[in-house]
Amino acid sequence: MTGADVLLLALGAVAVGAGVLVVTTKHLVRAGLYLVVCLGALAGDFLVLSAELVAWVQVLIYVGAVVVLLLFAVMLTRAPIGASDDLDRPGWPAALIGGGAGLGLTALLVDAYRWSTVTLPSAGTAERLGEQIFQSWVLPFEVLSVLLLSALVGAIVLSRPDIGRAAPQRDRTAGDLVDSETGGRR
């Protein structure tokens, strides 16, 4: 076992541990921060595997953009920051389903490859990857960007109940606020 193997296993253990913490914590913001640790460990795995471009894309897009978008969405929707009582459901059904799915996929992969070696194609370059992204995959990236933008706008609209309602008007004689919908004083 080489040093790269040990580092790959250690980073994999950190990623799995942080992933478990993401789904088991009762603090929503902490779950987002554990997700940063998990995705950072995956980027470290990519670096160990000599996939530098994929590692830095992982850091820039997932850690830098998606997690920040998640945290902004949490803040904009006024979700509970501390421990939330509605997140204390029993975890054993999810653990049973997740463990069963993991064991099933492991058995499927072991049966499919029977621990045989696989010949790898030649290493790609950033130029070839860029050509593929900007020729074949432009439309899915644009659709995803519109989807993320609409999710952010939706979070803002949901977090601001005063958007779309008429502003209260002042009654000039009494100086009170008058609700324009009901006509009553506030």
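**Pocket and helices in a predicted model**

Modeller: In this predicted model, helix H3 gives nine residues to the lining of the largest pocket, which is the largest share.

Colleague: What makes a residue part of the lining of the largest pocket, and which residues lie nearest its centre?

Modeller: A lining residue has an atom within 4 Å of a point of the pocket, and 15 residues line the largest pocket, with Val57, Ile61, Tyr62, Phe141 and Leu144 nearest its centre. Two or more lining residues come from each of helix H3 (52-76), helix H5 (126-136) and helix H6 (138-159), and the space in the largest pocket is about 560 Å³.

Colleague: How do you know how the lining divides into nonpolar, polar and charged residues?

Modeller: Asp, Glu, Lys and Arg count as charged, and the lining holds no charged residues, two polar ones and 13 nonpolar ones.

Colleague: Why are 12% of the 186 residues of the protein chain called buried?

Modeller: A residue is called buried when its relative accessible area is under 20%, and 12% of the 186 residues count as buried. The protein chain exposes about 14,100 Å², of which carbon and sulfur atoms supply 69%.

Colleague: What does the chain look like over residues 6-24 and 31-49, which UniProt lists under "transmembrane region"?

Modeller: That unreviewed entry includes both stretches; residues 6-24 are 100% helix, with end C-alpha atoms 27 Å apart, while residues 31-49 are 95% helix and 0% strand. The protein chain as a whole has six helices and two strands.

Methods:
Residues numbered from 1 in each chain as written. Predicted model: local features only at pLDDT ≥ 70, side-chain atom pairs only at ≥ 80, totals over all residues. Heavy atoms only, no water. Helix = DSSP H or I, 4+ residues; strand = E, 2+ residues; numbered from the N terminus. Buried < 20%, exposed > 50% of the residue type's maximum accessible area, 1.4 Å probe, protein only. Areas by Shrake-Rupley, 256 points an atom, 1.4 Å probe, with all protein chains shown as cover. UniProt positions renumbered as here; feature names shortened; annotations may be inferred. 1 Å grid on protein atoms, 1.4 Å probe; cavity = no way out; pocket = protein on both sides within 12 Å on 5 of 7 lines; lining within 4 Å. Points joined across faces, edges and corners; volume = space filled by probe spheres on them.
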